[in-house]
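Please look over the model shown below before reading on. The report that follows takes up helix packing, the strands, the overall dimensions and the ligand surroundings in turn.

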Amino acid sequence: MPTARPPEDATTLDALRRAAASCTGCDLYKRATQTVFGEGNPHASLMLLGEQPGHEEDLAGRPFVGPAGRLLDKALVQAGLDRRQVYVTNIVKHFKWKAKEGGKRRIHEKPGRNEVEACRPWFDKEFWLVQPEVLVCLGATAAAAVFGPAARVGTSRGRELSSPQGVRAFVTVHPSAILRIPKDAERAAEMRRFVADLRRAALAARRPSRATRVSRGPATPRRGPSRAPSRD
Ligand code: URA
């Protein structure tokens, strides 16, 4: 199976982002507008991991800027977080879509396991460079990518977990799942649960842990303000 190959000398997020722009590690690049790399605080203590860019992200070249992103932004604020202080990325970095309505609309198509695996090296290196204290998996694809195919949002949600990278992790719903709930009251209730999940993760990120250094490389000292914001 072809996979992405981040260059060894890409030792900063900017260098990694530039390298990812020409990724041909799977076929998704052929129909996507561009690679959508992660963004945010390069020293964030909290990293949010989504599935793949959507239509608007594909055009803008930035993660979570469409409807799901706007809901995520709102939830982050309600959880006492500022998006600029966290790092937001996706496990798959090209938009996978199918045509709808005579080819006029591009509809999200769930990435397959092969595409997740092909793209994984970018996330691995991104994760290693940011070295977050806490990882939040947004939805089933991100959860399965981190914890394996048996991971389930329903059973993993609400608890602090330990990720294979050796950091504290949380699994919650994908914001687009909240948008799809038709009834206002149910959608509002799910939004409250989502905010509570993010708040839990924010609190964990404020709690420093000696045991959370990633094991794939030497621990590097964190530079600059890197913690999730104080909610006091
Ligand atoms: N859904 C995702 O998982 N990521 C995005 O960037 C946008 C929508």
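## Packing of H1 and H4

At what angle do helix H1 and helix H4 pack, and how far apart are their axes? In this predicted model, helix H1, which covers residues 13-20, packs with helix H4, residues 113-130, at an angle of about 170°, and their axes are 10 Å apart. Because angles over 145 degrees count as roughly antiparallel, H1 and H4 are therefore roughly antiparallel to each other.

On the H1 side the contact is made by Leu13, Leu16 and Ala20, which meet Trp122, Lys125, Glu126 and Leu129 in H4. By class, the residues of this contact between H1 and H4 are five nonpolar and two charged, with no polar residue.

## The six-stranded sheet

Six strands form an open sheet with mixed pairing, in the order E1-E3-E2-E6-E8-E7. The edges are taken by strand E1 (39-40) and strand E7 (161-162), and since each has a single partner strand, one side of each is left without a neighbour in the sheet.

## The hairpin of E4 and E5

Strand E4, residues 97-100, and strand E5, residues 105-108, also pair in the antiparallel sense, here over four bridges. Lysine 98 has isoleucine 107 in E5 as its bridge partner. Four residues lie between the strands of this hairpin, in which glutamate 101 takes a positive phi near 50°.

## Overall dimensions

The protein chain contains eight helices and eight strands, and its C-alpha trace spans about 50 × 50 × 30 Å along the principal axes. For 232 residues a compact globule would have a radius of gyration near 17 Å, and the 17 Å of the protein chain therefore agrees with that expectation.

## Surroundings of the ligand

Which residues come nearest to the ligand? There are 13 residues around the ligand, and of these Gly50, Glu51, Gly54, Pro63 and Ala68 come nearest. Divided by class, the shell around the ligand consists of four nonpolar, seven polar and two charged residues.

Technical notes
Residues numbered from 1 in each chain as written. Predicted model: local features only at pLDDT ≥ 70, side-chain atom pairs only at ≥ 80, totals over all residues. Axes fitted to C-alpha atoms, helices over the stretch in contact; angles between N-to-C directions. Helix = DSSP H or I, 4+ residues; strand = E, 2+ residues; numbered from the N terminus. Parallel < 35°, antiparallel > 145°, perpendicular 65-115°, else oblique. Contact = placed C-beta atoms within 7 Å. Nonpolar A, V, L, I, M, F, W, Y, C, P; charged D, E, K, R; others polar. Near = placed C-beta within 6 Å. Pairing = 2+ DSSP bridges. Rg over C-alpha atoms; globule rule 2.2 N^0.38 Å.
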